[in-house]
Amino acid sequence: MTTKAMLAALILMTSAVGAQAEDTIKIGGLLETSGPLASLGQPGLEGAMLAIEQINAKGGVAGKKLELDNVNTEGDNTKTVTAAKRLVEQSGVVALVGPMNSGSSYAIIDTVQNAATPMISNGGSRGIVLPAQDKKWLFLSPLTDVLVQSVMMTDMQKRGAKKIALLYADSPFGTSGRDQLVKNAGSFGLTLVAQESYANADKDMTPQLTKIRSAQPDAVVIWATGPGQAIAAKNYRQLGLTAPLYMSHAANDFNFLRLAGGSADDVLIPSSKIYVIDSLKDSDPQKAALRRFVTDYQNKYGKPPATFAGNAYDAVNMIAAAIGKAGTDRAGIRDAIEGLKDYVGVTAVYSYGPDDHFGAKADSVVMLTVKDGKFTLAQ
């Protein structure tokens with residue numbers, strides 16, 4: 001090939017890449033698909049990709065296809081910071097779908113803020129977005145700890161509990177849940193009579209639960225993510241504790257059921273409605289959206305979706321809705337997300353605002369229990 005021909009070919013290739021870039025809008029992803037939180041991040045990525053596929057099948061947004069550039073951070077905070085910087089500085093993304101890991105979400109707050117790039121995180125800790133005035137580029141898609149705890153503690157009231165005890169993981173998610181429970185329990189007429197923690201690597205929580213047993217609580221809360229919550233549930237049953245056992249919303253996961261086995265039966269879990277669609281009233285605004293999502297996810301992946309899939313699915317769809325309103329300007333997308341009202345997602349019905357970057361409404365939460373290894377509405 002002559003030099004002239006090679007130059008012409010290079011120009012054609014460059015033009016094709018440029019045209020493709022102009023026809024594509026990139027969203028960055030920080031969903032951890034390996035490592036200790038893969039059981040959260042992999043469903044999250046699957047939900048996000050389903051949303052991208054559905055949006056593009058309908059013509060994309062403003063005539064352009066969406067593309068998700070996901071970086072597997074392995075749940076490592078340092079890798080998450082590096083990945084976030086690459087995405088916002090080099091990859092041309094207009095928004096981010098943030099980690100499932102609350103700790104990783106905290107780690108990149110400054111990166112996201114300094115880059116003036118909107119991010120919808122999948123972490124469940126309120127501190128990720130508080131105060132909203134100082135973290136204007138950050139939003140949440142999951143149900144938050146305060147939101148689900150309010151439903152959980154209302155359930156405790158109905159069951160006559162007065163004294164409660166807490167076992168929590170020594171992680172950002174666990175300590176945030178502890179802080180909020182300590183702060184708000186009194187408003188529900190509840191007294192926290194014991195609190196114990198465990199490290200993520202711990203394989204036996206019997207010593208902590210033995211101390212909790214001696215406090216004679218009316219109800220016990222385990223606030224954690226990952227395999228540790230299943231170990232704690234097993235230890236709880238092995239010790240013969242009979243007080244109602246409440247888990248965080250991170251336990252509304254098939255992996256918890258698999259790892260905990262029979263020890264999961266009768267636990268109480270505040271949750272999204274994804275596992276109890278048939279029990280919802282036809283008037284429930286989420287019922288139709290949930291049924292479509294579960295059917296489409298099952299058809300694509302050959303398995304039912306975990307709640308974490310719904311978190312990232314909602315995040316992508318809300319970013320797409322914001323792009324449809326504001327175009328690809330990052331500041332415009334941020335403002336459009338903050339302006340979403342009564343947006344019906346599969347995790348929740350969302351309404352954001354300048355002082356509320358949580359979005360999810362309380363009536364999006366239900367109390368679940370486990371019967372014969374399956375989630376069902378608590379009575």
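Contact here means heavy atoms within 4.5 Å. The model is predicted, so to speak a computed picture: local features need pLDDT of at least 70, side-chain atom pairs count only at pLDDT 80 or more, and totals for chains, interfaces and linings use all residues. Residues are numbered from 1 along each chain as its sequence is written, and side-chain values use heavy atoms, with hydrogens and water left out.

Helices (H or I, at least four residues) and strands (E, at least two) are DSSP runs, numbered from the N terminus. Take α12 (residues 307-326) and α13 (residues 330-338) to begin with. On the α12 side, Met 318, Ile 319, Ala 322, Ile 323, Lys 325 and Ala 326 touch Gly 332, Ile 333, Ala 336 and Ile 337 of α13. Sorted by class, this contact has eight nonpolar residues, one polar and one charged. (Ala, Val, Leu, Ile, Met, Phe, Trp, Tyr, Cys and Pro count as nonpolar, Asp, Glu, Lys and Arg as charged, and the others, Gly among them, as polar.) The two helices pack at an angle of about 115°, with axes 8 Å apart; axes are lines fitted to C-alpha atoms, for helices over the stretch in contact, and angles run from 0 to 180 degrees between N-to-C directions.

Several α13 residues are buried, including Gly 332, Ile 333 and Arg 334, where buried means under 20% relative accessible area, exposed over 50% and partly exposed in between (1.4 Å probe, protein chains only). The buried residues of α13 pack against β4 (119-121), β5 (138-140) and α12.

Next comes the pair α6 (residues 145-158) and α7 (residues 172-184), whose axes come within 10 Å and cross at roughly 50°. That angle makes α6 oblique to α7; under 35 degrees counts as roughly parallel, over 145 as roughly antiparallel, 65 to 115 as roughly perpendicular and the rest as oblique. This crossing is right-handed.

Helix α9 (residues 227-238) has 12 residues, which at 1.5 Å a residue should span 16 Å, and its end C-alpha atoms agree at 17 Å apart; the expected span is 1.5 Å times one less than the number of residues. Among its buried residues are Gln 229, Asn 235 and Tyr 236. Just after α9, Gly 240 takes a positive phi of about 75°.

How values were computed
Left-handed = near helix turned anticlockwise from the far one by under 90°.
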